[in-house]
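Subject: Structure handover and notes

Hello,

I am passing on the structure for your work. Please open the model first and then read the notes below it.

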Amino acid sequence: MDDALPIRARAVTKTYGTQTVLQPTDFGVAAGEVRALVGSNGAGKSTLMKILAGAIVPDAGEVRVGGASAPLGKPIEMLRRGVACIYQHSNLLPEMSVLDNLYLGHFAARRFGWLDRRRQREQAQALLARHRVELDLDGPVGNLPTVKQKQIEILKALALDARVLLMDEPTGWLSVADVARLHETIRGLRASGVAIVYTSHILDDVFAVCDTVTVMRDGQVVADAPISALTRERLIELMVGDTIARQVEAVAQRPAPAAPQDAPRLRVTGLCRQGVFRHVGFDLHAGEILCITGLVGAKRTEVLQAIFGCDRFDAGAVELDGRRVAFKSPREAIAHGVGLVTEDRHREGLLLNLPVAENLILATLRRYCRGPLLQGARVREAALRWIAALNLRPPEPAMLVQALSGGNQQKVLLGKWLDLRPRVLMLDEPTVGVDVGAKAEIYAALRAERSRGMAILVVSSDLEEVMAIADRIVVMAEGRVVRTCAAHDTSIPQLVRDFGAVVPA
Amino acid sequence: MIRRPGAAALPAFFALTVAFFCVFAPRFATARTFEDLLAGYSFVAIVAMGQALPILLRGIDLSVGAIVALAGMVAFDLSLIAHLPGWAVLLLALAAATLAGAINGLLIVGLRLQPFIATLATLAAYRGVVFAISGRQRMPELSTTPLDDPWIVSLDTSFDIGGALGLSDALALPGIPLSFVVTLAILLILQLVLSCTRVGQALMAVGGNAEAARLAGIGVSRHVVLAYTLSGLCAGIAGLLLVARLTTATESLGNGLELTAIAAAVIGGVSLRGGAGSFWGPVLGAFLLGVVLMGLTLYGISQFVQQILTGAILLAAVAHARWFAQHRVGPAAAAPG
């Protein structure tokens with residue numbers, strides 16, 4: 001690859017703890033090129049983008065801008081060199097005005113850093129006019145709807161007149177018309193020689209606007225080709241890889257479970273929360289694992305939290321064994337036999353500086369008490385039982401949870417909830433940051449509970465996981481259910497297509 | 001400036017409180033009371049403005065009371081023991097306070113300490129330094145000697161606006177103490193810096209979302225250190241004004257002032273979650289506390305009830321701010337999923 005490219009990464013790598021998220025990777029974009037960067041969740045796209053933008057420091061490798069080596073991990077240096085980035089997560093300041101946000105860090109100023117708001121306002125108005133966006137420059141950003149906020153993020157990058165524009169999932173919140181307008185803008189920038197990297201899960205967008213595509217999988221670049229050389233199917237195959245393709249087959253060969261005849265244990269109908277999710281509905285039967293999948297931001301977690309009573313919903317109904325319920329607190333939900341294993345095990349799930357045994361019985365403390373006293377022997381006995389059932393390593397009830405690996409911590413968290421013997425167990429991303437072996441054990445534990453008649457609802461972005469454990473699958477996009485199907489009736493490529501489904505308004 | 005709902009509530013509440021006491025508290029509506037108020041709470045207002053900076057950056061400065069004492073004791077020593085000229089005493093005392101503030105900032109940035117812990121530690125440490133350098137301990141005979149350097153004494157002057165305007169026969173106007181003029185000057189400078197300069201914008205950005213600020217190329221550490229340094233400087237200025245008023249410095253000067261200053265800043269609408277606030281708010285908050293305490297005293301209400309009411313005002317201010325944060329239009333208040 002040519003070293004004089006507007007931006008070029010050479011052998012950049014990144015490791016978090018023991019997990020390598022980016023293998024030595026080469027990447028570059030030419031002036032006037034729109035390059036798609038695609039891959040499934042956790043493929044390393046965002047990490048690569050952040051290295052290019054200077055947001056994180058790679059462990060090794062170098063980034064060259066316009067042929068010259070650039071300092072690593074310094075956003076200001078990359079901005080000065082004309083590299084702008086639209087990040088996936090919001091980087092706006094809700095309390096500041098639209099104008100201040102647009103030019104944050106490089107606001108027009110006279111001597112002594114005195115802000116030249118009039119000049120900046122004129123530039124901003126020209127920018128808005130050029131991109132046909134209507135915004136009140138003086139209103140605080142926090143009061144605007146999310147779509148407008150995303151527009152501001154995009155305008156913020158455009159305001160820089162950058163030579164390199166990095167876009168990480170820029171269209172996540174935009175309507176079809178807005179996406180078309182964004183693509184128009186991208187084509188305009190390409191014509192004026194800007195090098196653009198475009199990350200998206202929405203393959204329609206990739207085919208619509210990109211010239212070339214880099215496919216990443218498991219922290220590596222697996223393909224690099226002009227977009228015209230690839231079909232949609234081939235691109236999906238490259239993204240998900242052969243191993244999963246095999247797994248998909250394995251699942252497909254599994255006999256279809258008998259269609260549940262009995263009434264659903266948990267029935268959700270028309271669940272709405274203003275501005276978050278709309279008309280979410282599904283049935284969950286006893287002895288079934290239902291997976292809700294979709295992209296980050298599809299509002300799956302929010303649905304679980306609304307059911308569990310730690311968040312509200314505005315309309316719709318939740319029925320448990322045919323009786324209508326609306327839990328006002330998690331405590332109430334637990335009393336009704338509904339459990340929720342949260343995604344963030346450190347913040348919401350575990351007491352890291354307490355031993356395994358105490359963590360396992362935390363939710364069921366009362367059962368191990370005689371009067372006010374905790375019965376140590378029974379606690380130990382229960383802990384040993386769960387340690388054996390979940391194959392916790394090391395099998396030591398007195399071990400502090402913080403000393404365990406991520407996978408074993410997750411098993412402790414799962415054991416804590418299983419000890420409650422819930423009738424409905426909801427799990428949010430149960431295997432994030434968990435190694436393959438622990439994953440398999442967690443899946444085995446869930447399957448065992450299913451066969452004992454527990455109703456299990458899993459939110460997962462990991463398609464491999466969904467295909468491995470789900471009996472039925474609900475796909476959500478932008479706060480709505482776009483598809484409900486039996487696991488053996490679908491495939492990973494089909495699910496990927498569903499992720500990007502354009503939801504009719 | 002940005003339009004914000006609820007911003008008019010504090011001035012309105014302040015005006016109502018003043019009006020209430022003018023009508024109902026005996027001898028409140030007199031020039032004497034207002035003079036006492038301005039002289040007695042200007043230094044609180046100055047410390048509160050300094051305190052607003054760390055709070056704007058999602059931090060807190062618990063050491064301001066100790067820094068007030070430090071500035072005072074440095075001035076005491078340099079004037080009465082070293083016999084330095086008054087201007088040098090003032091400059092060096094301010095330098096000591098500024099350095100103390102800068103140390104707070106450097107500890108927070110350099111050692112990545114929680115601001116609460118870092119300034120709790122320096123609160124104890126600076127108070128210890130005050131005792132260690134105390135001229136009162138070293139030369140007990142000096143403890144009754146007043147500070148009489150003309151530079152220091154001049155800080156306690158008061159301007160007779162009634163006399164200057166030739167109105168003193170017609171109505172009794174309160175004298176304006178120099179400390180209040182200093183308060184207004186600091187307010188003007190800080191508010192202009194905050195809303196009209198790059199530095200101010202960067203401070204707001206770092207407080208609002210440090211990661212977003214970093215990604216926009218703003219030096220986060222630099223602005224954190226700046227905020228604590230300025231907080232120290234403000235505490236130093238307040239310390240000197242206080243020493244001039246008392247004509248001496250004691251080891252316990254400014255004890256508990258950090259809590260009053262935090263209360264004034266919070267009442268003044270500076271968000272503890274950072275990124276939102278002003279400097280006129282803390283000033284108004286400080287004087288509101290003053291008005292309430294003086295009014296209730298004149299009303300004949302006990303000291304204990306006054307403390308309860310101070311707490312109630314603080315709670316009301318925070319609840320009011322939360323109410324506006326939760327009832328803002330649009331879904332943006334919800335965290336993105």
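Predicted model: local features only at pLDDT ≥ 70, side-chain atom pairs only at ≥ 80, totals over all residues.

**Chain A: domains**

Chain A is split into domain 1 (7-230), domain 2 (262-337 + 424-505) and domain 3 (350-421). Between the C-alpha centres of domain 1 and domain 2 of chain A the distance is 32 Å.

**Chain A: the six-stranded sheet**

An open sheet of six strands runs in the order β6-β7-β8-β3-β9-β10 (chain A), with mixed pairing. Its edge strands are β6 (83-86) and β10 (220-226) of chain A, each of which pairs on one side only. On average, and with direction ignored, neighbouring strands of this sheet are turned by 15 degrees against each other.

One pairing in this sheet is between strand β3 (residues 34-38) of chain A and strand β8 (residues 195-199) of chain A; the two run parallel and are joined by four bridges. V34(A) has I196(A) of β8(A) as its bridge partner.

Two helices lie across strands of this sheet. Helix α1 (residues 45-53) of chain A lies across β3, β6, β7 (164-168), β8 and β9 (212-217) of chain A, and runs at about 150 degrees to β7(A). Helix α5 (residues 146-158) of chain A lies across β6 and β7 of chain A, at about 175 degrees to β6(A).

**Chain A: the four-stranded sheet**

Four strands make up another open sheet, β12-β11-β14-β15 (chain A) in order, and here the pairing is antiparallel. β12 (277-284) and β15 (323-325) of chain A are at the edges with a single partner strand each, so one side of each has no neighbour in the sheet.

Strand β14 (residues 315-320) of chain A is joined to β15(A) by three bridges, and the two strands run antiparallel. Within that pair, L320(A) is opposite R323(A) of β15(A). Helix α9 (residues 300-308) of chain A lies across β11 (266-273), β12 and β14 of chain A and runs at about 110 degrees to β11(A).

**Chain A: a hairpin**

Strand β21 (residues 472-477) of chain A and strand β22 (residues 480-486) of chain A run antiparallel, joined by six bridges. The bridge partner of I473(A) in β22(A) is C485(A). Two residues stand between the strands of this hairpin, and E478(A) takes a positive phi near 50 degrees there.

Helix α3 (residues 64-80) of chain B packs on helix α4 (residues 86-110) of chain B at an angle of about 150 degrees, and their axes are 8 Å apart. The angle is over 145 degrees, and α3(B) and α4(B) are therefore roughly antiparallel. The crossing of α3(B) past α4(B) is right-handed. Residues in the contact include I67(B), L70(B) and V74(B) of α3(B), and V89(B), L92(B) and A96(B) of α4(B). By class, this contact of α3(B) with α4(B) has 13 nonpolar, two polar and no charged residues.

For helix α2 (residues 31-56) and helix α12 (residues 220-246) of chain B, the axes come within 7 Å and cross at roughly 170 degrees. α2(B) and α12(B) are therefore roughly antiparallel to each other. Among the residues in contact are F43(B), I46(B) and M49(B) of α2(B), and Y228(B), C234(B) and R245(B) of α12(B). The contact of α2(B) with α12(B) divides into 16 nonpolar, four polar and one charged.

Helix α9 (residues 178-196) of chain B packs against α10(B) at about 75 degrees, with the axes 5 Å apart. These two helices, α9(B) and α10(B), are therefore roughly perpendicular. V193(B), L194(B), S195(B) and C196(B) of α9(B) meet V199(B), G200(B) and L203(B) of α10(B). That contact of α9(B) with α10(B) has five nonpolar, two polar and no charged residues.

**Contact of chain A and chain B**

How many residues does each chain give to the contact? Chain A gives 35 residues and chain B gives 28 residues. On the side of chain B that touches chain A, α10 (198-208) and α11 (210-215) of chain B each supply at least two residues. The largest share of that side, six residues, comes from α10(B). By class, the side of chain B that touches chain A has 15 nonpolar, eight polar and five charged residues.

Regards

Definitions and conventions. Residues numbered from 1 in each chain as written. Chains lettered and ligands numbered in written order. Contact = placed C-beta atoms within 7 Å. Nonpolar A, V, L, I, M, F, W, Y, C, P; charged D, E, K, R; others polar. Axes fitted to C-alpha atoms, helices over the stretch in contact; angles between N-to-C directions. Parallel < 35°, antiparallel > 145°, perpendicular 65-115°, else oblique. Left-handed = near helix turned anticlockwise from the far one by under 90°. Domains from an automatic or database assignment. Pairing = 2+ DSSP bridges.
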